[in-house]
Amino acid sequence: MPYPTPTLLALLSLLSVAGAVGLGELCPSEINKIKDRLEVNCSGQGHREVPLPLPKNTSILLLSTNHLASVSTASFQHLPELIDLDLSYNGLSALQTGTPMPLLQELILSHNALELLPSLQGLPALTHLALAHNNITQLAPGHFRDVKLLKELNLRGNRLRTLPEEIFEGLAKLQDLDLSDNTLEELPQGLLAGLELETLRLSGNQLRTLPSGFFPEEHMFAYVFLAGNPWRCDCDLAYLQGWISDNEFSVYRQEQRADRLLTEIDPRSPVCNTPDKYRGSPVLDFQQTFSEPE
């Protein structure tokens with residue numbers, strides 16, 4: 001009987017290890033030093049479905065940069081301690097949420113191909129929801145009513161043109177709302193009613209004015225970003241100009257530098273786009289005149 005060659009022995013050894021380890025254990029895992037929870041990293045491994053098995057005590061699961069075109073929360077029902085789930089950069093076009101995930105606190109769905117906001121039923125503990133850079137065109141009234149603990153909502157870089165006035169109703173704990181880099185042309189007067197936001201990002205839209213009373217009275221924001229909109233400097237912009245004047249230390253701008261993202265106070269960053277004679281002038285400096293035609 002011939003002896004196996006060294007090449008064959010090496011191959012048998014690899015097959016043996018692969019069978020013993022299993023796909024789930026090929027995802028590196030460690031205790032997250034900040035949250036003191038087991039973190040499993042399956043990012044960038046080319047998965048087309050949620051890998052199995054995974055440690056039952058997984059609390060943080062990183063599945064970004066794979067090829068998960070469609071995912072169901074049923075795929076995670078064997079992970080009863082899961083609190084953070086990252087599904088970014090997958091080309092994801094559908095997320096079915098029929099199976100509850102009662103402990104999930106952070107859900108990252110950014111940089112995917114979602115056209116509709118997934119149902120949030122069954123996610124009662126959710127505090128952070130990232131949906132940046134998808135293809136979402138509209139939000140239905142009441143869509144966030146099941147996530148009353150939400151603190152951070154990122155809708156940056158979608159295709160939103162309008163928002164229902166009551167879309168954020170009931171989100172009393174919301175602190176950070178990012179609506180930047182959409183195509184929003186107008187916002188309803190009561191959009192922020194009942195919210196206690198610390199940060200509001202509206203930069204990079206198509207806003208020309210804001211309705212009187214848009215910002216809740218006597219509410220102090222830590223950060224408001226308004227730059228990059230085509231503000232129309234006429235008498236209808238008096239409300240926004242007055243608000244900026246009264247809240248100069250809350251108005252910020254951001255600029256991407258080669259080595260860092262620069263964030264600084266700049267109440268002069270919102271500038272007029274029309275009429276032509278005011279283009280490029282800070283909204284804060286706009287002087288209303290009624291004797292001259294546009």
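## A salt bridge between aspartate 178 and arginine 156

Aspartate 178 and arginine 156 form a salt bridge, a term that here means a side-chain nitrogen of Lys or Arg within 4 Å of a carboxyl oxygen of Asp or Glu, and their closest N and O atoms are 3.8 Å apart. Aspartate 178 belongs to strand E10 (residues 176-178), while arginine 156 sits in the loop between strand E9 (152-154) and E10, so the pair ties together parts that are 22 residues apart in sequence. Strands are DSSP runs of E with at least two residues, numbered from the N terminus.

Aspartate 178 counts as buried at 6% relative accessibility, whereas arginine 156, at 26%, counts as partly exposed. Buried means under 20% relative accessible area, exposed means over 50%, and partly exposed lies in between, with a 1.4 Å probe and protein chains only. Both residues also take part in a network of salt bridges that links Arg156, Asp176, Asp178, Asp181 and Arg201.

## How the model is read

This is a predicted model, in which local features need pLDDT of at least 70 and side-chain atom pairs count only at pLDDT 80 or more, while totals for chains, interfaces and linings use all residues. Residues are numbered from 1 along each chain as its sequence is written, and side-chain values use heavy atoms, with hydrogens and water left out.

## Other salt bridges

The structure holds 15 salt bridges, and one of them joins the side chains of lysine 35 and aspartate 84 at 2.2 Å, N to O. This pair links distant parts of the chain, 49 residues apart, with lysine 35 in the loop between E1 and strand E2 (37-41) and aspartate 84 in strand E5 (residues 84-86). Lysine 35 is partly exposed, with a relative accessible area of 37%, but aspartate 84 is buried, with a value of 7%.

Another salt bridge is formed by glutamate 255 and arginine 253, whose closest N and O atoms are 2.8 Å apart; glutamate 255 counts as partly exposed at 30% relative accessibility.

## The sheet

An open sheet of 12 strands has mixed pairing and the order E1-E2-E3-E5-E7-E8-E9-E10-E11-E12-E14-E15. Strand E1 (29-32) and strand E15 (261-265) stand at the edges with a single partner strand each, so one side of each is left without a neighbour in the sheet. Two strands pair if DSSP finds at least two bridges between them.

Within the sheet, strand E7 (residues 106-108) and strand E8 (residues 128-130) run parallel and are joined by three bridges, and glutamate 106 stands opposite histidine 128 in E8.

Note on methods. Helices (H or I, at least four residues) and strands (E, at least two) are DSSP runs, numbered from the N terminus.
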